[in-house]
Amino acid sequence: NDTIIVFDRIREGIKGSKENQLDKIIDESVTQTLSRTTLTSLTTFFVVLTLYLFGGEIISGFSFTFLVGVVVGTYSSIFVATPILNYTNVNQKTILKEDTENN
């Protein structure tokens, strides 16, 4: 879900920007969503950590898997998904064209 929010912010940044530098728009979008992503992930992490520590043997496997998933998901939203977008050489016109076709 965080990746979707970051990409949506990138799309909004492209619509409102007059610059043609996608990497700057991506950096600004990640910076704008970073605090929200971090707080959401930390809140989820601490709740699941509590389940892992005090939930007992039955739920420990599930909660450990969930802990790993929260860490990997947060990392991939910030450090994997947006660089892949930048490296694919997608230009702003393509993103805006897909946006108008979907609406």
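What covers the buried residues of H3? I started my notebook with that one.

**Entry 1: ground rules.** I'm looking at a predicted model, where local features need pLDDT of at least 70, side-chain atom pairs count only at pLDDT 80 or more, and totals for chains, interfaces and linings use all residues. Residues are numbered from 1 along each chain as its sequence is written, and side-chain values use heavy atoms, with hydrogens and water left out.

**Entry 2: helix H3.** I took helices as DSSP runs (H or I, at least four residues), numbered from the N terminus. The buried residues of H3 are Ser-63, Leu-67, Val-70, Thr-74, Ser-77 and Ile-78; buried means under 20% relative accessible area, exposed over 50%, and partly exposed in between (1.4 Å probe, protein chains only). My opening question is settled: the cover includes helix H1 (2-16), H2 and helix H4 (81-87). I count contact as heavy atoms within 4.5 Å.

**Entry 3: helix H2.** I checked the length of H2 (residues 22-54): its 33 residues reach 46 Å from first C-alpha to last, close to the 48 Å expected at 1.5 Å a residue. The expected span is 1.5 Å times one less than the number of residues. I also found a bend of about 40° at Thr-33, taken as the angle between axes fitted to the seven residues ending there and the seven starting there. Thr-33 is one of the buried residues of H2, as are Val-30 and Thr-37. After H2 comes Gly-56, with a positive phi near 95°.

**Entry 4: H2 against H3.** How do the axes of H2 and H3 cross? I got roughly 170°, and the axes come within 9 Å. Axes here are lines fitted to C-alpha atoms, for helices over the stretch in contact, with angles from 0 to 180 degrees between N-to-C directions. So the two helices are roughly antiparallel, the word for angles over 145 degrees. The residues of this contact divide into 14 nonpolar, six polar and no charged. Nonpolar covers Ala, Val, Leu, Ile, Met, Phe, Trp, Tyr, Cys and Pro, charged covers Asp, Glu, Lys and Arg, and polar is the others, Gly among them.

Entry 5: Is Ser-41 buried or exposed? I noted it as buried, at 11% relative accessible area. Beyond its neighbours within four places in sequence, Ser-41 is in contact with Asp-2, Val-70 and Thr-74. Phe-45 counts as partly exposed at 25% relative accessibility. Not counting residues up to four places away in sequence, Phe-45 touches Leu-67, Val-70 and Val-71.

Conventions: Parallel < 35°, antiparallel > 145°, perpendicular 65-115°, else oblique.
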